[in-house]
Each structure stands twice: as structure tokens, then as C-alpha cells.
Amino acid sequence: MSSSVLLLVIAMLFVFSYWSGRGKAITSAQHLGGVTTLNSLPFYYGMLAVLWCAIPCLVLVSLWSMFDETVIQQLLVSQLPDNSADMSSGEMTLLLNKVNNIANGITAASGQPVYMQDAANYLLSLRANSHLAMSVIALSLAVCGLSIAWVKINPELRARKQVETVFKLILLLCSCIAILTTVGIVLSVLFESIQFFNKVPVSEFLFGLHWSPQVAIREDQVGGSGAFGAIPLFVGTLLISAIAMIVAVPTGLMSAIYLSEYASKQVRSWVKPLLEILAGIPTVVYGFFAALTVAPLIRDTGDWLNGSWTFELLGLSLQVSSESALAAGLVMGVMIIPFISSLADDVINAVPQSLRDGSLGLGSTHSETIRQVVIPAALPGIVGGVLLAVSRAIGETMIVVMAAGLAANLTANPLESVTTVTVQIVTMLVGDQEFDSAKTLSAFALGLMLFVVTLTLNIYALRVVKKYREQYE
Amino acid sequence: MSTIEIDIEKSNESNCTNESEMKKVNTIELVNKNLKKRYRAERRFKAYGLVSICFALLCLVVLFTDIISKGHGAFFQTYIQLELNLDEDVLEVNDIQNMKQLASANYQGVIRQSLRTLFPDAKKRHDKRKLYALVSSGASYQLADQIKAQPALVGTTISVFVLADDDVDTWFKSLDDAKPFIGRMSEKQLVWLESLKKSGSLHKKFNTTFFNNGDSREPELAGIKGAMIGSLFTILVTFLLSFTVGISTAIYLEEYAPKNLFTDFIEVNINNLAAVPSIIFGLLGLAIFIGMFGMQRSIPLLGGVVLSLMTLPTIIISSRAAIKAVPPSIRQAALGMGASKMQVILHHVLPLAMPGMLTGTIIGLAQALGETAPLLMIGMVAFVVDVPGALTDPSTALPVQIFLWADSPERAFVERTSAAIMVLLAFLISMNTVAVFLRKRLERRW
């Protein structure tokens with residue numbers, strides 16, 4: 001029985017259980033004097049039957065399909081010939097991969113060692129058995145649940161109360177997914193990071209000035225020093241974020257001020273959606289723009305300046321890298337403008353009108369009111385918004401992956417190429433990976449840093465914004 | 001009066017320190033003296049605001065014109081019109097009813113023969129290879145499809161448009177530029193192309209390949225269909241998961257949740273997840289779903305799960321706002337009529353809040369559709385030629401395809417990358433328009 005057929009049968013069983021539960025309730029009420037004698041509406045009896053039928057069955061199917069592959073692989077390992085017992089974990093993974101490929105028909109079975117073909121066949125039979133067992137158990141659970149419900153249903157059963165409790169529990173479970181996600185994130189980065197810090201000391205990672213993650217596989221390999229000092233990455237990230245903020249904060253803030261204080265309703269209704277478009281453009285598009293338009297433009301400008309007479313006269317010369325931090329930072333700044341402007345717009349609008357009226361009534365001009373009354377009043381909210389924007393800039397990935405470099409230079413010169421935390425995570429985890437090597441694990445350590453920093457910034461910023469909102473409510 | 005005076009003095013940061021001197025000056029005179037300066041400051045301030053907005057809008061315009069000017073060419077593709085003599089000997093076909101023979105026939109030979117008769121000056125092997133390179137390697141497959149559909153054509157001479165190589169395509173499109181693109185093409189190839197152009201054999205036709213093919217190493221054969229279907233599957237999974245879980249969570253938090261520490265904890269978690277960098281969700285997918293649960297890499301199912309975790313906070317927050325906007329009087333009326341809590345929610349609150357929830361969901365999905373970083377982490381960057389047919393087939397997504405093509409050195413890929421971006425942006429803008437429309441038309445204000 002294929003998975004889709006199984007699901008279809010189960011779904012049909014649900015429909016059947018609804019109608020049978022409902023029917024049972026109505027018929028059992030008949031001799032008592034009709035439907036009105038039922039404790040709840042017939043709908044609830046039907047739903048109760050469905051719940052009895054569905055919950056055990058679906059829980060089993062989901063758990064089974066989550067863990068069956070792990071169990072099957074364990075069984076497969078135990079079945080392999082004895083000489084494979086003393087293999088390293090890497091060799092074992094390779095062997096299992098080969099067997100899986102044979103079983104899936106990716107690799108032709110003929111020409112492979114006999115024990116592998118046996119293992120592949122065993123794997124296939126295990127899978128078939130597992131699937132069959134799952135179908136049988138799931139269906140029998142569904143039928144059992146249905147019959148329990150069938151027996152339980154009588155006019156006095158408080159079906160409505162029970163169904164509503166289950167409904168509420170399901171909603172509660174859904175809410176817990178947010179917690180599970182956070183836990184999952186923490187666990188996924190933490191475990192691998194701990195493994196990484198067993199190989200590389202924390203102090204070296206946090207304070208080391210040299211980043212060159214290529215670990216030598218052979219003793220005599222050239223260029224594989226394996227240095228994991230993350231300071232150049234942090235500096236690169238901060239440099240690009242700083243450039244972005246220099247572009248985004250004044251522009252975003254002034255646009256928000258203009259839109260909320262000066263602009264007519266009509267201008268507002270046109271400009272705001274246009275700015276929202278800027279916010280809705282995917283980062284990969286910004287990355288393409290930065291890499292193919294802005295970066296060459298900056299390089300050409302640098303070359304042109306080098307050739308111009310003022311520079312020759314002064315003896316200056318600019319070395320502009322084609323993957324300069326400036327290009328990535330500028331484009332990231334443009335991306336963040338609408339973010340800052342909408343947040344600032346919110347907080348400026350939250351400033352009570354009475355403050356403005358008071359200031360205007362005392363004879364100050366519009367701009368004086370804004371600068372000396374509105375902005376100071378809105379400052380905590382604006383600071384919170386800027387902090388959120390900083391955390392976005394730090395975590396931004398695609399623009400820097402496409403427009404910033406890979407070489408970890410420790411520099412504050414925006415015309416040089418720098419690399420960032422996110423770029424390194426992507427380069428280390430995309431493509432072929434060596435598992436458990438310090439290089440791969442370092443990506444998770446960087447991910448942990450990124451998570452901790454952005455989380456701290458967010459919690460702090462949200463607290464600031466919340467405090468500010470309470471002030472005027 | 002003196003308060004105003006001091007206020008104005010302060011606000012202008014005038015360094016009038018001597019108070020006795022200040023008192024002597026008439027207030028109105030003082031105000032008038034500074035008025036011009038203050039108005040100038042006012043105008044300057046307003047101009048800053050205007051300049052900022054113009055800068056932001058200018059960036060938008062530059063971005064769009066840049067993408068469109070780079071990408072509009074990709075919707076057209078250069079074809080070479082060739083007279084093909086479908087000779088049975090060259091094709092190595094003796095029975096036109098035999099599909100197997102037709103499938104493995106030497107179509108390339110026919111095209112090459114036609115090129116040789118057009119340009120008999122290509123004698124040396126090197127020259128011949130250059131000549132054959134004018135036509136795309138995919139041209140023979142297209143010819144094969146045509147012949148398979150009409151086997152009777154074998155033995156006749158037909159005039160067909162064969163797909164040109166990407167260098168030829170780029171050259172032909174850049175002819176109007178000051179410096180036409182030459183790339184890797186040799187002098188001889190250019191001479192041949194000029195004569196083809198003169199005889200009117202070079203044609204630009206609508207690029208159907210771009211919409212019908214999967215990825216390819218050859219730019220002229222590369223298309224976005226595979227990536228689009230991959231994106232569609234991914235977004236479908238994201239929608240199913242994040243919509244159901246998102247509105248369930250919103251209902252729980254708004255309608256059921258008691259005010260206690262646990263509820264606060266859930267809310268803190270949601271707010272923080274909303275601001276976690278997307279790449280972290282990719283790490284989660286890699287370590288938990290691939291590492292722990294042993295899910296397959298590069299499949300839309302996994303991509304959808306990861307993206308739905310990422311969009312959940314957006315959907316929850318907007319759904320909560322929509323539920324909050326339903327006036328309590330409606331709930332009270334329903335409860336007063338004897339409805340249970342579940343009935344109140346399912347029959348009254350949900351239908352009224354649905355437009356707001358859908359708006360939030362569409363905006364969240366648009367965000368997910370443009371997301372790249374988490375998909376890179378879970379291996380959806382593979383080079384996939386086939387168009388995926390199921391949720392568990394390896395595939396890429398549209399933004400990832402853009403990322404992959406942006407890295408390719410061929411100039412023809414720049415054009416196609418921009419065109420793919422245009423397609424992606426068209427999807428996103430239409431999704432956002434639908435969301436705005438829903439908000440304006442269906443959302444009720446009380």
C-alpha cells in the first residue's frame with residue numbers, strides 16, 4: 001500500500017467515523033424523545049468519533065515515519081559483515097551511503113561486492129516490512145478508536161465539553177511550536193559549537209586575529225593552517241553594518257519625519273507603498289545589484305579618481321577592491337531604509353498631538369517643534385528601531401555573500417574586501433562538507449555568536465520600544 | 001512675555017548671556033531679527049526630508065531600471081534559420097516508423113551538414129569546430145522533437161529555426177551598442193555571422209526555452225521552470241504548515257491563553273523568532289531536520305518546513321491583530337445566544353478576522369518566496385536539470401536559481417539572471433497587491 005493510498009483510506013475512515021458517530025447519537029436519542037434530549041448537538045458526537053479515530057492513528061504515522069529510517073539504518077548496520085565493526089564512523093557512513101544508493105537504484109547493483117548487494121536487498125525488505133507494519137497498525141488503531149467511540153456514545157455523554165477541550169489542547173500544542181523552534185535553534189547551534197570549542201579554545205575563537213579555516217588534511221599540506229580567530233569576521237560584519245547604518249539611519253529617519261509631519265495625505269498614500277516595495281524586494285536581488293552594478297561602479301569611480309589630475313597632483317591613489325565593503329554596505333543601507341522609516345513613522349505618530357500643539361502655540365516653527373519636542377519624545381522608540389535595524393544588518397546574508405569577499409582581512413578601510421560572519425557560515429556549509437571537521441563546526445560556532453548577538457539586540461530593543469509605548473498610553 | 005523671549009533665545013541657541021542687556025531689547029524686535037534665520041532653518045529641514053525620500057525612491061527606480069535594462073533581452077532568443085536536408089543516410093534512419101531509430105538519429109549531423117554547405121570555406125578541423133559552435137548543442141534535441149512529431153519530414157528539405165549559441169545570441173543583441181560583445185568568438189565566426197545577418201537568417205524570437213526548461217550549463221538552454229515549480233512546491237508546504245499553525249496559535253493566544261508566565265514565555269519566543277536572522281533557520285534545518293530526523297537534502301518538503309518556521313511569527317502577529325480587531329460585542333452576543341467558546345470562534349470570530357489573517361499570510365508567504373539563505377543551508381543549491389514532479393524530488397527555488405546564475409561567468413547568464421529576477425519580482429508584487437486589495441476590500445472596520 002503506497003503512502004498516498006494509506007492516507008486516502010485513513011481520510012475516508014475519518015469521514016465514515018463522523019457520520020457513524022453522529023448517526024449513533026441520533027438513533028440512541030430516538031427512543032428517549034428525539035434529538036433534543038441529547039446532551040450536545042449531533043455534530044459534536046461525530047467530531048468526538050473522528051478525534052478518537054484520528055489522534056492515535058496520526059500520532060503513530062507521524063512518529064513512525066520520523067524514526068523508521070533511523071531504526072532501519074541501525075538494523076542494517078547490525079546485519080553487515082563482521083569486518084565492518086571496526087570501521088571508523090566516516091567509512092561506515094560511506095558504506096551506508098553506497099548501500100542506500102544501490103537500494104534506491106541510483107547505483108547499478110551489478111559489479112558491487114556481494115555483501116553490499118545483500119545489504120541493499122535487506123534494506124529494501126526492511127523498508128517494505130516497515131511500511132506494511134505501519135499501515136496495518138495505523139488502520140487497526142483507527143478502527144479501535146472508532147469502536148471505543150461507538151461504545152461510549154450515548155445521549156448523556158458530554159461530547160461538546162470533550163471536543164472543546166481537545167480543540168483547545170490542539171491550539172495550545174500549535175502555540176508551543178514557537179518554543180520548540182527556539183529550543184531547536186539553540187540545540188542545533190549549541191551542540192555543534194561545543195564540539196567545536198573542544199577542538200578550538202573559546203578564547204582563541206573570540207579574540208584571535210587570524211581566520212583561515214582550511215585545516216590541513218595531510219601533514220605536509222600547504223596553506224592549511226587552520227586558524228580560527230574570529231575577530232576579522234566580527235570587524236568585517238561591523239564595518240559593513242556601520243556603512244549600512246550611515247546610509248539608512250539619516251535617510252530613513254528624515255523620510256519618516258517628512259512623511260508623518262509634512263507630507264499631505266496624498267503624498268503619503270503614494271510614497272508609503274513605494275517604500276514598502278523597497279522593503280519587499282528579496283535580498284538576493286539586492287545582492288545581484290550590489291555585485292553587478294554598484295561594486296563595478298565604485299571600482300570605476302576609484303580608477304577614474306586615480307587618473308584625475310587632482311589625485312596625481314596630491315600623489316594620492318585609491319586601491320578599490322572589486323568586492324569592496326562599501327558596495328555591500330551601501331546596498332544593505334538602501335535595503336534597511338524602509339525598515340527604519342516605518343518603525344520611526346510608528347513611534348513619531350505615537351507622540352501625543354498635545355506636545356506638538358503646546359510647542360507650536362509657544363511660537364516655535366514646525367522644524368523646531370520636531371527637533372526639540374517630537375524627536376526627544378520619540379527618541380527611545382527610534383533608538384529601539386535602530387537597534388532592530390542593526391540586528392538585521394548583522395544577520396543579513398545574501399547581499400554580503402554575493403557582494404562581499406571571502407578573504408578575512410582585518411581592516412577598517414571600506415574600499416577593501418572584508419568578509420562577514422554570515423558569508424563564512426554559507427561558504428562552509430554549502431556544497432560538500434566534511435563532517436565533524438573543525439571547519440564545518442566553526443560555522444555553527446559562528447551561528448551561535450550570530451544568534452546570541454541578534455537575540456540580545458532584539459530583546460533590548462523590544463524592551464526599549466515597549467517601555468516607550470507604555471509611556472504614552 | 002519674558003518666557004517667550006527666553007524660550008526663543010534658547011531655541012535659537014543664541015549666546016545672549018547678559019540678562020540685563022536682554023531685557024532692554026524689545027521682544028518683537030528680537031523675534032523679527034531671528035525670524036528669517038528660523039524660516040531658513042525650517043526650509044532646510046523640510047528639504048532634508050524631501051531629499052531623503054527622493055533618495056529612497058531614486059534607489060528604487062535605479063534598481064528597477066537596472067534590472068529591466070539588463071534582463072529584458074532574455075525574453076528573446078536568437079535563432080538561425082537553416083535549410084536542413086533531412087537525408088536518410090545522414091540521419092542514419094531507414095524506417096521512419098521506428099521510433100527508436102528516430103530517437104537516436106544523427107540530427108547533429110544534419111545541422112552540421114547544412115552549416116558546411118552554407119560556409120564551404122571552413123575546411124580545417126579547427127574551423128569546422130568553430131562553425132558548429134555557432135549553433136547551440138541543444139538544437140539537435142529540438143530538431144529531434146520536431147521530427148518525432150512528424151516522421152514524414154524525413155527525406156525532405158525543411159527550413160527551420162535552430163537555437164543559436166549563447167555567444168551568438170549576446171553578440172546579435174548587442175549589435176546596437178557602441179561596442180558589440182565578442183566574447184570568445186573568433187574573427188572567422190564573426191565573418192560568418194555577418195553574412196548570416198546579411199542574408200536575414202538571424203532572427204530574434206520569443207524565448208520559450210526560458211520558461212519551459214530546467215537549469216542548464218548552456219545559457220541558451222537554461223530556463224526557470226524547474227526553479228519555479230520548486231518554489232511553488234516549497235511555498236505550498238509553507239502555506240499549509242504556517243497558515244494552520246499560525247492561526248491556531250493566534251486563536252489560542254487571543255481567545256484562550258490565561259495571563260501567566262507560560263503565555264508570556266510563548267509571546268517572548270514569537271517576538272524573538274520574528275527577528276532571528278533567516279540563515280539561523282537554515283542552520284536549524286541542517287542540524288535538526290537533516291542531521292537528527294534524517295530528512296533528505298535539497299527537497300521542497302524540507303525547504304517548506306524551514307521557511308514555515310521562519311514565516312510563522314509574521315503570520316501569528318498579523319493574525320493576532322486581526323482577531324483583536326473583532327469587537328468583543330460580537331463574542332458577547334454569540335455567547336449570550338448560548339454558543340460555546342468553540343462555536344463563537346469558529347462561527348463568528350474566525351470568519352470576521354479571516355481577511356486580516358489572509359493578508360498577513362500572503363505577506364509572510366511573499367517574504368518566504370524571496371528568501372534564499374535558509375535554502376542554501378539545506379542544500380537546495382544543487383544543479384538540478386529536471387523539473388521536480390513531487391515534494392520529495394531534489395530541486396532549487398527561484399531566488400536560489402538567481403543566486404546560482406549570478407555566479408556564472410557567461411555574459412548570457414547576466415541577462416537571464418535579471419529576467420529571473422523580473423519574474424520573481426512580478427510574483428512578489430502581485431502577491432502584495434492581492435494582500436493590499438484584500439485589506440482594502442474585505443477588511444471591516446468597526
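The model is predicted, so local features need pLDDT of at least 70 and side-chain atom pairs count only at pLDDT 80 or more, whereas totals for chains, interfaces and linings use all residues. For your selections, residues are numbered from 1 along each chain as its sequence is written, while chains are lettered from A and ligands numbered from 1 in the order in which they are written.

B:Ala56 is found in helix H3 of chain B; helices here are DSSP runs of H or I with at least four residues, strands are E runs of at least two, and both are numbered from the N terminus. Which residues does B:Ala56 contact once its neighbours within four places in sequence are left aside? They belong to chain A, namely A:Thr251, A:Ser255, A:Leu275, A:Leu278 and A:Ile337, a contact being two residues whose C-beta atoms, placed from the backbone, lie within 7 Å.

Now display the whole interface, in which 71 residues of chain B are in contact with 75 residues of chain A. Helix H3 of chain B, residues 27-71, supplies the largest share of the chain B side, with 17 residues. By type, the chain B side divides into 50 nonpolar, 15 polar and six charged residues, where Ala, Val, Leu, Ile, Met, Phe, Trp, Tyr, Cys and Pro count as nonpolar, Asp, Glu, Lys and Arg as charged, and the others, Gly among them, as polar.

Another place where the two chains meet is reached by selecting helix H5 of chain A (residues 159-199) together with helix H14 of chain B (residues 278-292), which pack at an angle of about 70° with their axes 9 Å apart. H5(A) is therefore roughly perpendicular to H14(B), since angles of 65 to 115 degrees count as such, those under 35 as roughly parallel, those over 145 as roughly antiparallel and the rest as oblique. On the H5(A) side, the contact is made by A:Gly184, A:Ile185, A:Ser188, A:Val189 and A:Glu192, and on the H14(B) side by B:Ile280, B:Leu283, B:Leu284, B:Ala287 and B:Ile288. These residues divide into seven nonpolar, two polar and one charged.

Moving along chain B, select B:Ser298, in the loop between H14 and helix H15 (300-325). B:Ser298 has a positive phi of about 60° although it is not a glycine. Most residues other than glycine have a negative phi. With 22 C-beta neighbours inside 10 Å, B:Ser298 counts as buried.

Select helix H4 of chain A, residues 114-152, and list its buried residues: A:Ala119, A:Ala120, A:Leu123, A:Ala138, A:Ala142, A:Gly145, A:Leu146 and A:Ala149.

Two further residues of chain A complete the tour. A:Ile370, in helix H13 (residues 366-395), is buried, with 26 other C-beta atoms within 10 Å, and touches A:Ile257, A:Glu261 and A:Ile375, not counting residues up to four places away in sequence.

Note on methods:
A residue is buried if 20 or more other C-beta atoms lie within 10 Å of its own, exposed if 12 or fewer, and partly exposed in between; C-beta atoms are placed from the backbone. Axes are lines fitted to C-alpha atoms, for helices over the stretch in contact, and angles run from 0 to 180 degrees between N-to-C directions.
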